[in-house]
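Subject: Structure handover and notes

Dear colleague,

I am passing on the structure we spoke about, together with notes on what was found in it. Please read the notes with the coordinates open beside you.

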Amino acid sequence: MPRFRMTVEYDGGPYVGWQRQENGPSVQGAIEAALLSLTGETVSVRGAGRTDSGVHAMGQVIHADLSKEWSPYQLQNALNAHLRLAGERVSILDVEAAAEFFDARFSALRRHYLYRIVSRRAPLALEAGKAWWVPKVLDHEVMHAAAQRLVGRHDFSTFRAAHCQANSPVRTLDRLDVTRNGELIEIRATAQSFLHNQIRSFAGTLKLAGEGKWTPDDVEAALAARDRKACGPVAPPDGLYFMQVDYPEVIPDRRRLVADTDANDGNADDPS
């Protein structure tokens with residue numbers, strides 16, 4: 001069966017999350033419904049990572065197997081037409097034919113996320129639901145210094161949701177940068193995989209450092225505690241965006257993947 005790789009953008013506000021669930025509409029369900037309307041087939045799509053309710057994406061990657069060949073251009077346009085008619089807040093940005101062994105989740109080398117904070121006194125109007133409003137000035141330089149204490153390979157039990165299903169709390173965090181552009185503070189994170197709620201836990205903890213309530217040493221101590229109770233408050237989902245996924249140029253047969261890599265660990269791609 002022909003396999004297609006797609007890049008997807010969505011507004012997470014109307015959905016219970018990426019993953020298909022019984023308690024409300026999901027992004028995965030919206031795409032699968034569009035495929036059913038288009039092809040008459042019940043198609044299951046796999047995403048590179050799961051996102052919670054309210055979390056957005058600018059570069060989610062998925063794959064789907066269809067029974068007939070499509071030109072990528074025709075498939076993209078047709079799917080977007082069905083999504084638009086259904087009133088979905090989902091857009092297919094790109095479609096390409098994929099190798100037989102490509103797997104949106106298990107072939108991923110790195111995932112990139114962005115967390116947006118608007119630090120100003122006035123409440124949000126245009127950015128409501130698209131960023132975390134913090135009505136006070138945050139010191140982004142202190143936040144960045146604190147974030148560097150978290151980069152590297154660590155036991156991230158402190159920054160892991162209590163119901164996270166990953167087999168291990170150990171992850172390698174490649175990047176955690178904090179920058180400011182006017183009122184907007186951006187936290188950018190890169191890793192092969194993340195734990196459930198990991199980035200929102202980072203954002204809430206780093207906010208404490210930006211307020212002057214915690215120091216970088218306090219953030220490092222929270223990491224060392226390996227205890228969820230040592231974490232700062234979990235930031236809201238509004239500001240979190242799944243930005244991009246990196247893949248190798250040559251996709252290996254999934255059967256040859258090393259079983260103990262971060263990406264193959266249970267619920268290892270759900271940072272929201």
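In strand 9, L173 has A191 as its bridge partner, and the strands named here, like the helices, are DSSP runs numbered from the N terminus (E, at least two residues, for strands; H or I, at least four residues, for helices). Please bear in mind that this is a predicted model, in which local features need pLDDT of at least 70 and side-chain atom pairs count only at pLDDT 80 or more, while totals for chains, interfaces and linings use all residues. Residues are numbered from 1 along each chain as its sequence is written, and side-chain values use heavy atoms, with hydrogens and water left out.

Strand 8 (residues 170-181) runs antiparallel to strand 9 (residues 184-191), and eight bridges join them; two strands are taken to pair if DSSP finds at least two bridges between them. These two strands form a hairpin with two residues between them, and G182 in the turn has a positive phi of about 65°. Strand 8 is also joined by four bridges to strand 7 (residues 152-155), again in an antiparallel arrangement, and here L173 is the bridge partner of G152.

The salt bridges, of which the structure holds 18, are counted where a side-chain nitrogen of Lys or Arg lies within 4 Å of a carboxyl oxygen of Asp or Glu. One of them pairs E183 with R120, with the closest N and O atoms 3.4 Å apart. Because E183 lies in the loop between strand 8 and strand 9 and R120 in the loop between strand 5 and strand 6 (132-134), this pair ties together parts that are 63 residues apart in sequence. E183 is partly exposed at 42% relative accessible area, and R120 is likewise partly exposed at 25% (buried means under 20% relative accessible area, exposed over 50%, and partly exposed in between, with a 1.4 Å probe and protein chains only).

Another salt bridge joins the side chains of D155 and R226 at 4.0 Å, N to O. D155 belongs to strand 7, whereas R226 is in the loop between helix 5 (216-225) and strand 10 (240-246), so the pair ties together parts that are 71 residues apart in sequence. D155 is buried, with a relative accessible area of 19%, while R226 is exposed at 55%.

The side chains of K229 and D227 also meet in a salt bridge, at 3.4 Å from N to O; K229 is exposed at 72% relative accessibility, and D227 is partly exposed at 29%.

E32, in helix 1 (residues 27-39), is buried with a relative accessible area of 10%, and, leaving aside residues up to four places away in sequence, E32 touches R20, V43, S44 and V45, where contact means heavy atoms within 4.5 Å. Y113, found in strand 5 (residues 110-119), is buried at 2% relative accessibility, and an unreviewed UniProt entry annotates Y113 as "binding site". UniProt positions are given in the numbering used here, feature names are shortened, and annotations may be inferred rather than shown by experiment.
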